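Here's a quick briefing to read next to the model. Have a look at the structure first, then work through the points by topic.

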Amino acid sequence: MDTVLRFLTCGSVDDGKSTLIGRLLYDSRALLVDTLEGIERTSRRRGATAPDLSLVTDGLIAEREQGITIDVAYRYFRSGARTFIIADAPGHEQYTRNMVTAASTAQLAVLLVDVRQGLTAQTRRHALLADLVGIPALAIAVNKMDLVDYDPAAFEAVVYAFEDFAEASGLRARRHYIPMSALLGDMVVERGEHLPWYLGPTLLEVLERTPVEDGARDEPFRFPVQWVCRPRESTDPLLHDYRGLAGQVAAGTLAVGEEIAVLPSGRRSTVTSIEVGGVPREHAVAGDSVMIRLADDLDVGRGDLLVRADESAPTLARSIEADLVWLDPAPLAPRRTYLLRHTTREVQARIEAIEWNLDVATLERVPAHELAMNDIARVRVKLAQPIAADRYEALRDTGSFLLLDPATWDTVAAGMIRGAR
Amino acid sequence: MIAPRTHLDRLEAEAIHILREVAGQCQNPALLFSGGKDSVCLLRLAEKAFRPGRFPFPLLHIDTGHNYPEVIAFRDRRAAELGERLIVRSVEDSIARGTVRLARPDESRNRHQSVTLREAIEEFGFDCLIGGARRDEEKARAKERVFSVRDEFGQWDPKNQRPELWRLYNAKVPAGGHVRAFPISDWTELDVWQYIAREGLELPSIYFAHPRPCVRRGGLLAPVTELTPAREGETVETPWVRFRTVGDITCTAPVESRARTIEEILRETAATTISERGATRLDDQTHEASMEQRKREGYF
Ligand SMILES: Nc1nc2c(ncn2[C@@H]2O[C@H](COP(=O)(O)OP(=O)(O)OP(=O)(O)O)[C@@H](O)[C@H]2O)c(=O)[nH]1
Ligand SMILES: [Mg+2]
C-alpha cells in the first residue's frame, strides 16, 4: 500500500533547512540531471567549489541574491513505498506566516537546530507553532555537527535543552533527535563516518518509518457543502429535478440510506445516492470528493454542514475560544469586524477578548490588548451567525478557521478552536 | 470494509475540492484549456466535480497562432464532446490591435500570451483563472500557492504571497485583481501520466512517438516546421520523438522516444533523468530565472 508523508523543514534562519532538503534529494538520487547542472552552474558562477544544495529549493531571484528562503518551496520524491511531499519553510522571522502555511498540512516537522547556536527564539516559535497546528511527530535535526568536531556532548546539550523546553511548554509531538551535517551528508540518507557514537536512525529512516494515518475515517461524519449541482436547463426529466450537494468528506463515513442532519438548520433527510461525476457508489469516506443527494428537497447550500443523525454533532456556536496566530503585518484591531471563514461558511466576527498572548521566550501567558504579526494568542471570538464547530484536536476541518480582512480580503489570522458555545 | 484510497485517489479528491472552491467562491471563473496533458486532466477532474451539471465556467485558450494543428483540432473536438463553451483569444489579434509588438517578425510569441490573456480577462471580467501548472515543473512554480493572487496587471508578487492554511482556500481579491487556481499543484509528471492511464484519457497524437524532422540545437531537438526552418549549417534528421509537453511550436522541443503507448510512456517517465522543462523548453535555457520573470509579468 502506498503511503504519503507530508513534512516540512523549519527552525531558525540559516540553520541549514534548505541545504538539508537539497542533501536529502541529492543523496536519494531524486535530483534530475538538468536540475543539478543548473545548480552546479550557479554555484560555480559564485565561486563555490561544491554545488550549493540550498539552491534546490531556494528558487526565487530574491532568495538566491540574499541567500535566504522567503517562501515555502514544495518538492516531491519517492523512496520505497512512500511518497514524500516536502515543504521547505523559511526561518526568517518576517516570513513566519509562510512557515505556518507549510505546517498546517504537515504530518511531521523536521526542526533544525544549529548545534553552535542551540535553541533560538525562532526555534522555539516554530516548535510551538508546529505543536499548535497539531503535527504529531517532530524530528529535531541537530545540524552543523561538522563545526563542533562531531562532539557528542554538544549534541546532548541541545537534546537536554529541547527536552526542558518541551516539558515547560507541554509539547505533545513524538520526538526524535538526530545529529547531522546537512552540508557533508552525515545522517541524512547515509550514516557517514563521523558519528559512530550515534546509534539511532538516519533522517530518511525516520521519514520512512513515521506512521501516517489515513484521514479521519473513524471520526463522526462531517461534510461541508461547497456547491449545489442543479442542471436545471436540462430537458431530461430525471435531471430536471436533480439536486446534488457537492463537497469533500472532512471526516467519517457515509452510506446510501443513512439519515443525515443539515446544520445549522437541523433539518433531517435520508441519503438517496452518493456519486462521483454522475457515477454512483455505496459509500463515501474521509477525503472523498463526492456529490450527495437527499430524499427531501431541503434548503441546503454552500456553508451548510451535513452530519450523520446517529453520531455526535458539533456545537452550533456563536462564541468560540481559539488559539489564534496573527499573520498580517497590520495588527489586530479589536473593534473591527472581520470575516471568519470556517469550512465553506463565512460569518462576521469580532474578537471579544484576548485572554493571553504567549511570550515565546519565557512561555509566559501575558495579558494583551493588541496582537501583532506572529503573535500566538488565546482569544474569544463572537460570531454574527452560528457555525458548526468541533474542537481542533478532535476534528481539524471543522475545528479550524481563518480571519479575512474585509478591506483587502487578505488572510490575516489562523485559528484553532479550543472551545465553543 | 471500504477499500483504502491510493495516492492518485487523494490527489484527485483534492483537485476536485479546489475546483469546487472556485465554483463556490468566484462569480466569473474560466478554465485554461490548451489541449495539453495537464489541462486534459483538469477537464476530467471538472467532469468529476460538476457532472451531471454543466461546468460552472467556460474553457479559455490563448492561442499564439503557432500551435500544432493536431493539438488545436483536439482542443476543439474535446470541447465539443464535453458540450462546454470554448473561448479562444489570439495573440494574432493583439498584434493587430497593437497591444503586442514583436521585436522581430519571427520572435517567439510565447511570452506575449500574457498580454492577450490580460485582454481576455478584461473583456470577460474573469475573477479567477484555473490552470494546470504543477509545482514540480520549475523552481519558481514550486513556490506558488494553490490560490495565487494577481493584481490589475496580472502580476505575481512572490515575496508577498498570502498565507494558505489547511484546506481553507481564500479566493477573494480586491476589485481589479483576480486569482489563479492550480488544482494539480501537488501532482508530478508521473502522477499525471498515471492518471491519464487510469482514466483512459485521450491525448493529441504528438504525445506519442512518431518520426519528425528535427535539428539538434543546444542539446535539444528543435522541430523543423515552416515556422521554424533549419538554420544555416544545421542537418535535418528524422528521429522518433514524442512531446512531453505541448506549447508554442517555437519554444517546445520533443524528446527522442519510441514510446507509442501510455504504458511505454509511464515506464520512460518513471526512469527519466531530465526534468520536463529541461528536456523540452527552448526558451528557459537562456536565463536562470526566465520562468519567475514571465510569471511576474502575468504569464501562467
Ligand atoms: N558547516 C556546515 N554548514 C552548513 C550545514 N548546513 C548548512 N550549512 C550552511 O549554512 C548556511 C545556511 O544554509 P541554508 O540551508 O540556506 O539555511 P536555511 O535554514 O535554509 O536558511 P533560511 O531558509 O533562510 O532560514 C549555508 O551557508 C550552508 O552552506 C552543515 O551541516 N554544516
Ligand atoms: Mg532555507
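**Strands around β23(A)**

Strand β22 (residues 400-404) of chain A runs antiparallel to β23(A), with five bridges joining the two. Strands pair here if DSSP finds at least two bridges between them, and helices (H or I, at least four residues) and strands (E, at least two) are DSSP runs, numbered from the N terminus. A word on the source: this is a predicted model, where local features need pLDDT of at least 70 and side-chain atom pairs count only at pLDDT 80 or more, while totals for chains, interfaces and linings use all residues. Residues are numbered from 1 along each chain as its sequence is written, chains are lettered from A and ligands numbered from 1 in the order in which they are written, and side-chain values use heavy atoms, with hydrogens and water left out.

- Leu404(A) has Thr411(A) as its bridge partner in β23(A).
- The hairpin of β22(A) and β23(A) has six residues between the strands, and Trp409(A) there takes a positive phi near 65°.
- Strand β17 (residues 315-326) of chain A also runs antiparallel to β23(A), joined by seven bridges.
- Opposite Ala414(A) in β23(A) stands Val325(A).
- Strand β23 (residues 411-420) of chain A is mostly covered, with nine of its ten residues buried; buried means under 20% relative accessible area, exposed over 50%, and partly exposed in between (1.4 Å probe, protein chains only).

- Three strands make an open sheet in chain B, ordered β7-β10-β11 with antiparallel pairing.
- Its edge strands are β7 (210-211) and β11 (255-256) of chain B, and each pairs on one side only.
- β7(B) and strand β10 (residues 240-242) of chain B run antiparallel and are joined by two bridges.
- His210(B) sits opposite Val241(B) in β10(B).

**Where chains A and B meet**

- The contact (heavy atoms within 4.5 Å) takes 83 residues from chain A and 63 residues from chain B.
- About 5,900 Å² is buried between chain A and chain B, and carbon and sulfur atoms give 54% of that; buried area is the accessible area (1.4 Å probe) that two parts lose on being put together, summed over both.
- On the chain A side, Leu60(A), Tyr76(A) and Trp227(A) lose the most area to chain B, together 11% of what that side buries.
- The rule finds ten salt bridges across this interface, a salt bridge being a side-chain nitrogen of Lys or Arg within 4 Å of a carboxyl oxygen of Asp or Glu.
- Asp410(A) and Arg162(B) meet in a salt bridge (2.9 Å, N to O).
- There are also 33 residue pairs in polar contact across the interface of chain A and chain B (both at pLDDT 80 or more). A polar contact is a pair of N or O atoms within 3.5 Å; within protein, one must be able to donate a hydrogen and the other to accept it, and residues adjacent in sequence count only if both atoms are side-chain atoms.

**Salt bridges**

- Over all chains, the structure holds 60 salt bridges.
- Asp71(A) and Arg145(B) pair through their side chains (3.2 Å, N to O). Asp71(A) lies in the loop between α3 (61-66) and β2 of chain A and Arg145(B) in the loop between β4 (128-130) and β5 (147-150) of chain B, so the pair joins two chains.
- Asp71(A) is buried at a relative accessible area of 1%, and Arg145(B) is buried at 2%.
- Glu123(B) forms a salt bridge with Arg89(B), with the closest N and O atoms 2.8 Å apart. Glu123(B) is in helix α5 (residues 113-124) of chain B and Arg89(B) in strand β3 (residues 86-90) of chain B, so the pair ties together parts that are 34 residues apart in sequence.

**A buried arginine**

- Arg75(A) is in strand β2 (residues 73-79) of chain A.
- Arg75(A) is buried yet has no salt bridge, and the nearest side chain of opposite charge, Asp136(B), is 8.5 Å away. Lys and Arg count as positive and Asp and Glu as negative; His and the chain ends are not counted.
- A polar atom of the Arg75(A) side chain lies 3.5 Å from the backbone oxygen of Val56(A).
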